[in-house]
Structures are given as structure tokens and as C-alpha cells.
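Good morning, and thank you for making time.

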Amino acid sequence: MKDSPLFKNWGLFKKGMDTRQIQLSFASHLEYSLSKDQYTATMRDLYHSLALTIRDRMIERWIKTQQIYHAEDLKRVYYLSAEYLMGRVLINNIINLGIYEETRKAMEEVNIDLNELAEQEPDMGLGNGGLGRLAACFLDSLATLEIPSHGYGIRYEFGIFEQDIRDMGQSELPENWLKYGNPWEIARPEYSYPVRFYGRVEQTKLADGRLKSEWKDCSNIMGIAYDTPIGGYGNNTVNTLRLWSAKASNEFDLHYFQHGDYLKAVEEKNISENISKVLYPNDEIYEGRELRLRQQYFFVSCSIQDIIRRYRTCHKDFAAFPDKVAIQMNDTHPAMAVAELMRILLDEYGMDWERAWDITTRTCAYTNHTLLSEALEKWPVSMLETLLPRPLQIIYEINRRFMRDVSTLYVKDGERMRRMSLIEEGEEKRIRMAHLAIAGSHSVNGVAELHTRLLRERLLRDFDEMYPGKFNNKTNGVTPRRWLLAANPALSDLICARIGKKWIGNLERLRDLEPLAADAEFRKEWQEIKYRNKVTFAGIAENLTGVSPAPEAIFDFQVKRIHEYKRQLLNILHVIYCWLKHKGEADFHMHPRVFIFGGKAAPGYAKAKLIIRLICHVAEMLNRDTSLNHIIKVIFIPNYRVSLAERIFPAADISEQISTAGYEASGTSNMKFALNGALTVGTQDGANIEIMEEIGRENLFIFGLTADQVPEMRQNYNPYTCCENDPLLKDVLDLIRSDYFSPEDPGLFRPLADALLSRDEYMVLADFAAYHECQMKADALYRNPEKWTETAILNVAKMGKFSSDRTIREYNRDIWKAEKKSIMQEKPETSL
């Protein structure tokens, strides 16, 4: 069959890219793929037909890409991530194929609005926060830069949750994003792998003295592959995102069914499939923690088995493995890849330890995403003893040898050995997953210059001293195709009209906008686009919350995961402060401002959920104040997600990036806001510092303690002195403590105020005065529209560094060293 003339032209691009061919494909899919006509088709059917039409054109390039990767035995990058916050992909895929205008016209000619059709697409429920969105940006850049690569993750049936605001608090609903199917994915049941859990390890001594380990009496779960094409911009490269879905190895027990025990008959199926059921099960309970560990090992094991299968189609042994395979672990969730690769090399291919360890450490690399020691995953040894006995043995052996290396370098330094051990001793022994990832990798990187410095100087100092040169920085970036070209088409059109389109693939070309900041006509067009974007968002806000913000006001956004260190609390305290100041001081004036919050709190994170409740209660009170609600308005936007972010960033005037210095690894919303012309109010934390260095301190609003000052101040810090120095701040906290914002629920918010006054762990009160001063500077600049717009243009012009294309180039140059490969259109050999 392989040599049949029928297949000679496979991998060629036969699907037309013009308006007429798109229409014909669209009609064909509506009839033959969905069995619908113009009378019975719903808007969702029309979306699915168009998605399949676009997918056809991607598949041709996808097949060709994979054929060339295989034929030329190219080194491939394998990106392992527990999250991929993809959002919607229809418009992005159309843009990357270069057929946006053709598709828009094709739909318009049959009386269909392309944007309305795109609204039918649900956000893919594969991620939660910045970690997952970064992974999605990286996939886009890998394909755009023509780097052979695959993403690996889990095909979650349900996302983390859909957030609803009920009774002025967060309510969690199932996020059933697969309810109507996913037209972009293709099931690959031929690529399924068994993943072992439980059981026991039996060891026997071989003739050469080595131990042979066999993991027996296991409970197996099957991982089934689902593939999604990832197309590059302006080229023919289409890489693969492969997600694993869990299936029971024995889905149905006929014996139990025949005897009437129908629940028992499908019990194994239900238990097995829980693994890929939901993103991040609640880890407040033991069962939730165990399920998270099962998820992580499940997707890592499937991925490593698949990587080895693909490698062995071209190689009989593993001599070239590190030269053909680069595995990048996105945070600690995939850290079990180190133990799993070792297990397969040792147990299934009979390799000796030294050779297996050499291959593993030359293949794996680790990205750290946090400076919070409590966020570095640690799994109870007792859990692994039951669930993963063989990987635990391997981790123990890695640690034994690693501790020998440490003790050789640092003789009699028991404290250092305790700090560096992969096993954390204590009442409950735990595996330090970050330490496992570091020991098993040839590269460890942070995601912003400050973050990497603090990793090396504080959190992971011992490892940096032991492995000089292993730690490096790769400052995060965002894809301009999604976050400017697709999200803000009007502004993109204006930029393209003035400086051309080269910035789309080379963001540094935005520097050509700098002279235009002084152009009055250009500023006028810029202002008109911003106003229209604000009008659009105002309609969305009213639809979601019932509150209609005036586009003439400053739109001030803080949208991100709710966490104490991100300091949504500082923001809402300042809102109350300004409200009281307006009421008490006749000479205090502010330009009208809408303070807009959004973000999800983890279901088990009580204090974060309480902060959401405070924001909602404050909004309810202040928005009722007819004397001031034209000056100060507060909105909490529910269910913040990628598709909503695409409407928020273009409408923003101010971007709140106010985390406690030394806590945010990088942040990427700061980049997306600035790329769309919002001005940053922020601390010297994460990537804010590098943004400031690029655009100039005079073009954003920086305040507060630095990462070095925070620990120094903590030594003798008394939060109450901040209130003594500012009586109005004390009044704000008194209002919260006295139930002013929660009269029906006495004492509700008192824990928040008490925590600030007693400890103030995240230095909210310490930074408050500087924050207020900074906000007043922003207010004053906004009153000068021409100067504000000039500053916004300069922000956009100087954001070239923060493209994920630059980040990926650095990863590939310093860590992966994969060869770029262009996929060219070929002429057909024969006509069929």
C-alpha cells in the first residue's frame, strides 16, 4: 500500500486557499461531516463546519511536516506541561494560515459573520493561569520558528471550573468544554500505552551481579492519544500537541454485569478515567492529592513511552538519544519524567545505571516558575510507596548517589546535605520534586532576570553553587499573533498601515512606531481605536455584571489568578481609600475611573475566596453611591479566561502589576497589557523590571519596596505604624473590621484586616503610601490625553523583547539545539 500511486501526492497542499474553495469545503463539511443543510444547521454546526474546513488545510501541512521530520531524523523538542491554556483557536489558525480576509469574505458572501461564528467556540479547558498560557504561546512560537517539536499534556474532560459570582462570592461550576465535541482534535487509539500503578517490585540478581527489577501485580491504566495541529505563522510548519486521555485496561466486567451488579461492572472504568477527568482536583483532601500525583505520572509515562517509540523507528540503540530528543519540563508537574525515563532504560532495555543516568541528564531540562517554597511540589513518600513503588525505588537510588556527590564536594556539611536531599525528612517524609528535576537535568532556567537571580541566591543557592553554569535565565514572552494581531485587529491594522507587517514575525520591528508617537494624526487614530475597544468591553461588562462602565473613564484592570502575593487586597483597599478621600476632602479630585477585577481563586484557598467576596461587597456598596459612582466604579468580571482577556487587553488604560517584590516569577499579563497600549502601575517584581528597562521608567508607574528591601524591612516591621502615619488608611481598615461592607454577615472580613495589622506578610500596608502616590501620578497624566497617548505608543513600540519568539530562540540556542526545518510545497509527481 505504501508504494501505491494513490499516495504519491499525499503531503501536498491540494485544498484551495481562495474564497470559493473555502466556501465549497464549508458546504461539504456541513452536508457530509455533520449531515445538515441550510435549514437545519445551528450556529454551532456552522462553526464546526468552518473549523473542519480550516483543519483540512492544516492537516495537509501537518502530514508533510511529520513526514519530513521522520525522513530526515531531526532532533525534536518535547515540551511537557500539565497545562495548555489555549483559549479559542479558530481565528488564530485562520490568521496563521494567511487566509483571514479570504475566510471572512467567504462567510460574508453566505450571510455569516465570522466573528459571530468564532463566539461559538468554547475555550479549551486545558489550563488555569500563566503557566498554561505560556505553554500555549510557546507552541505557537515553536511552529512559527519552524522548530521540530511536540507538546505533551492531559486531555482534561473538564477544566478547572467555571466561575460564577453568587451571593457576592465565587461559586464553582463544572467547565464542560468538550460537551459538543472538539473539531480540532484527532483521536489516535493506535498510540495507546499502559501506565502502571500499585503492585510490588521483585528484584533478582543477574549473572553479572546487577539487580534486575520487575514491577509486578500492577493496576494498569491505558493512555489514549488525542492530537491537535499547531500551525506556525507565515509558513507550512504544523507541529503536534498530543494529549492523553485515561481509559481502563478492562472497561467492562461482564461477570458482575450478568449477576446484576451494574455499578461494580463499570467501577474500574470510572476509577481509571478519573485521571483525565478534571484539571487540578482539590488537594485539600488526601484523595485529591493522590489523584494529582496519578495525573502527573500518567501523562509523563505515556509521553516518555511515546518519545522512545518515535525515536526507535529510526534507531536501534540509545547512543543518539540526547542528540535527537530534548525534553523540557514546564515546572515540577512533569518532574517524574526523570524517574520514568530511568525506569524504562533500566528495566525495559536492561541498561546499566551510569549509562541510563548520562542519557537522562543530557536529555532533560527544567523550567522553574515559582519563588514560593510552598509551591514547590513535595509528595509524601508513603503515597509513592503504595502508588508508584518502582519509581520511588529509582528516586531513592538517585538520591543516594546524589548525596554521595554532595558529601564529596562538601565534606562533613550535614546541613547542606539535608537542604539538598531529594527526600525531605520530618514527621512525614516527602519527595522534593524540584530537587529531582534539578538533579536529573542539564539545564535549569528561571523565567525573568530577577526570578533567576533570586533562585540562585536564595531558594536554590546550594544547587547553583554545586552546578556552576547549569542555571540560566529565559525571560518569558507572549505571542504577538494572538495578543495583538488577533486580539486587537483595529490597532494591528493601524500599525500595519504605517510600518508594514514585518513586526508580526519580528516584534522588534515595532520600534518603527517610535517617531509616530509625536504624530498628532497618528495619536488621534490611536485614541479612536482605544475608545472603540472600551465601548466594546463596556457592553461585555454590562452583559456579565449589569454594571455599565463609561468609556470616558480610566479603565483600570487587575485580572489574574487571585492570590495574596498578587495583592488584589492592596488594590481594593486603595479603592476604598480614594472613595473616603473624596467624601472627606473637598479639594481631592480624580478623573473618573472604573476599577475592574477578574480571576479565579483555587477552590480550597479560603483567603483568596474571601478577597473576592470583599471586592464584590465593596463594589455593591460603592456602585450604589449616587454621589460618587460617576467617579469611582468597581466591577468583578466573572470567569476570567483567554477569550475574555482578548477583549480586556485592548480596552485597558491601566495595567495593575502590583505583586510583592520577590514573589512573582515573571508574569505575562504585564506584557499583553503593554503590547496593547496600557500603562503599567507596578512593583519592581518579575518581568516588570525588564519592561521598565526596555520602555524607560518615565513611561510607566513604578512604586514600592524592592525584592532586596522586603526581607530587610520584615526584620523590624510593625504594620500598625502605617496606620498611625495615615489616619485615612486606618479608617479603611476600621470600616472593614466593623462590618460596614458586610452588615448581614458580622465578622466576615475581620480576618483580612486583622492579618494586615498583625503580620502583613505581603507588605500591603508597607507599600500603600507609595502605591497611592503612584496612582495619583497616573491620574494626572491621563488628564493630558496627548501625553498619555504618546506614552502608550512608546510602550507598544518598545515591547519587542517580550515576544515568545525571542524566548524560544534562546531556549533553542542554549538548551535544545534543534535544527530549524522549513516545510516546502512540492510539485506533484503524477496526476491522479
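On a 1 Å grid over the protein atoms alone, a cavity is a set of points where a 1.4 Å probe fits but cannot get out, and its lining residues have an atom within 4 Å of a point. Grid points are joined across faces, edges and corners, and a volume is the space filled by probe spheres set on the points. This is a predicted model, in which local features need pLDDT of at least 70 and side-chain atom pairs count only at pLDDT 80 or more, while totals for chains, interfaces and linings use all residues. Residues are numbered from 1 along each chain as its sequence is written, and side-chain values use heavy atoms, without hydrogens and water.

The largest cavity has a volume of about 190 Å³. Of its 17 lining residues, Met86, Val89, Asn92, Asn93 and Ile230 are the closest to the centre.

The second largest cavity holds about 100 Å³ of space. Its lining includes Tyr69, His70 and Asp73. The elements giving two or more residues to this lining are α2, β1 (76–80) and α10 (286–312); helices (H or I, at least four residues) and strands (E, at least two) are DSSP runs, numbered from the N terminus.

Let us turn to α2. Of its 29 residues, 23 are buried, meaning under 20% relative accessible area with a 1.4 Å probe, protein chains only. At Met58, α2 bends by about 25°, the angle between axes fitted to the seven residues ending there and the seven starting there. Just after α2, Asp73 has a positive phi of about 50°.

Definitions and conventions: Buried means under 20% relative accessible area, exposed over 50%, partly exposed in between (1.4 Å probe, protein chains only). On a 1 Å grid over the protein atoms alone, a cavity is a set of points where a 1.4 Å probe fits but cannot get out, and a pocket is an open set with protein on both sides within 12 Å along at least five of seven lines; lining residues have an atom within 4 Å of a point.
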